[in-house]
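Good morning, and thank you for coming.

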Amino acid sequence: MSDEELSSETAEETSSEGTEIKTISKINNALKDKFRLTQDEEILKDIKPSIFAFVPMYLIAITIFAVHWLFSVNWTSNDDDNMFVKLMFELVNISKIGEIGFVIIMLGIAWFNRMMNGSTSGKWTTIFLIIVALTPPTLRLDDVIAWFMDKESGFIPLDSYNMIIAGLFWSILFASMTLLYQRSFHYAITNHRVVFMQHLILPGDGRRILFDNINEIRTQRTFLGALFGYNTIICDTGSQLGIGEDSMSVSVGASGGGDNSEATTLEGQVTKSIFKKMFAFITYQRSRKIDLPDPRFSFFCITNWKSIEQLLNEMHQRHSQSGILNELKDQIAESQD
C-alpha cells in the first residue's frame, strides 16, 4: 500500500472520529440544556423508563376494546349454552334500551380497577372509564332532548354508538395518552446529583436531589418487572415523598342548608343523595399503606437497573461523610509522601 493511500485512510478515520466527537458533544450539550445542569456538572448516565413500564395501562386499553367488541356480537342463547353466553345474551338485550348492559359492565370494570388499588387505579384512569361508560346514554339523552325541542338532530353530531368504531377510538386514545405520558419521563445521574425530569404539559418539570441528601437507595421489583427485565430504584431523602396511604375519601351525605329553597326540598335531597351514593360506590377505593414509586421522583421501571444501582451506590458513598473523610485521608497521605 502506498503512502498516499495510507494518508487518505488516516485522514478518513480522523474525519470520522471528529464527526463522532462533534455528534457526541452536541448530544451532551442538548442533554445539559434539557436537564438544566450547572457548568461543572457532567452527565454520567441518562435513563428512560422501559417500554414495558406501563403494560397494565395498555391492558386497560385492550379491555376497553374487548368490552365494545363483546357488545357488537349478535349473541344467541340456547339451553345447552354456558353461563357466559347466556349472560352476554341478556346484557346485549338490556343494552337495546340505552345501552344499559354496556354501562353496567364498564362501570363494573371502573369499580373493580379502583378497588384493586394498583398502578392503574389512579383517578384519571377511573374518570376515563366512567366517561367511556356514560357516553352511550349521553348520546341517547341528547336525542331525547332534540325530540322534545322538535329538532332533527341533537347537539352531539352522532346518531348512533357504533361499538367497534367507538371501541377502537377509546382504546387508541387511552393507549396514545399512556404512551405520551410514558415518553415524558427522563432521568439523569450526574457527578453531583440525580435529576428526575418530566416534559409533558410543563416543559422541564422535575426534581433534583444532591447525593448527600439521599438517606437510602432501594429497589422495588414486581412480577411484571421480573418478567420483562425492569426494576424501580427509589432514592429516599426522608421526606416521605411517594410513600403514603393510597385511598380516596368520599362523602355520601346530603349537604344541609338552612333555607327553604327548591334545591333543599325532599325530592331534591333524595336525587342528590342517590347521585352521591352512586358516585361514591364507583370511585370508592380500599385503603392500604404501600410504598408508592412515583415516575416523577424515582427511576421508574428502568432496564439495566443493576448497573444504575451500582453507579448510584458509588456516587452516594463518594458524597457521604465517610467518603469525604476517606478522600481527605488519602490527600493528606499523598501530601506527606
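Accessible areas here come from the Shrake-Rupley method with a 1.4 Å probe. On that basis the protein exposes about 21600 Å², and carbon and sulfur atoms supply 59% of this area. Please keep in mind that the model before you is a predicted one.

Let me describe the chain as a whole. The protein has 337 residues, of which 32% count as buried. Its secondary structure comprises ten helices and nine strands. If we take the contacts between residues at least 6 apart in sequence, 67% of them join residues at least 24 apart.

Three strands form an open sheet in the order 5-6-9, and their pairing is antiparallel. Strand 5, residues 216–220, and strand 9, residues 299–302, stand at the edges; each has a single partner strand, so one side of each is left without a neighbour in the sheet. From one strand to the next, the twist averages 20°. In general, strands of a sheet pair through backbone hydrogen bonds, either parallel or antiparallel. Here, strand 6, residues 231–236, is joined to strand 9 by two bridges. Within this part of the sheet, Ile233 stands opposite Phe299 of strand 9. Which helix lies across strand 5, strand 6 and strand 9? That is helix 9, residues 305–319, which runs at about 15° to strand 6.

Side chains of opposite charge can pair when their charged atoms come close. The count of salt bridges in this model comes to four. In one of them, Asp236 pairs with Arg218, with the closest N and O atoms 3.3 Å apart. Asp236 belongs to strand 6 and Arg218 to strand 5, so the pair ties together parts that are 18 residues apart in sequence. Asp236 and Arg218 are both buried. Glu216 joins them, as Glu216, Arg218 and Asp236 are linked in a network of salt bridges.

A further salt bridge is formed by Arg193 and Glu41, whose closest N and O atoms are 2.8 Å apart. This pair links distant parts of the chain, 152 residues apart: Arg193 is in strand 3, and Glu41 is in the loop between helix 1 and strand 1. Are these two residues buried or exposed? Both Arg193 and Glu41 are buried.

The salt bridge between Arg296 and Asp294 has its closest N and O atoms 2.9 Å apart. Arg296 is partly exposed, with a relative accessible area of 37%, whereas Asp294 is buried at 19%.

Next, the surface. Trp69, Ile164, Leu168 and Ile172 make up a nonpolar patch with about 370 Å² of accessible area together. Which helix gives the most to this patch? Helix 6, residues 163–182, does, with three residues. Ile164 lies in this helix, and its relative accessible area of 32% makes it partly exposed.

Finally, I would draw your attention to Asn113, in helix 4, residues 100–116. Why does Asn113 count as buried? Its relative accessibility is 7%, and buried means under 20%, so Asn113 falls within that class. Beyond its neighbours within four places in sequence, Asn113 is in contact with Ile60, Thr120, Ser121, Thr125 and Leu129. Asn113 and Thr125 are twelve residues apart along the chain, and their C-alpha atoms are separated by 8.8 Å.

Thank you for your attention.

Technical notes. Residues are numbered from 1 along each chain as its sequence is written. This is a predicted model: local features need pLDDT of at least 70, side-chain atom pairs count only at pLDDT 80 or more; totals for chains, interfaces and linings use all residues. Side-chain values use heavy atoms; hydrogens and water are left out. Helices (H or I, at least four residues) and strands (E, at least two) are DSSP runs, numbered from the N terminus. Buried means under 20% relative accessible area, exposed over 50%, partly exposed in between (1.4 Å probe, protein chains only). Contact means heavy atoms within 4.5 Å. Two strands pair if DSSP finds at least two bridges between them. Axes are lines fitted to C-alpha atoms, for helices over the stretch in contact, and angles run from 0 to 180 degrees between N-to-C directions. Patches are made of residues with over 30% relative accessible area and no salt bridge: like charges are joined within 9 Å, nonpolar side chains (Val, Leu, Ile, Met, Phe, Trp, Tyr) within 5 Å. A salt bridge is a side-chain nitrogen of Lys or Arg within 4 Å of a carboxyl oxygen of Asp or Glu.
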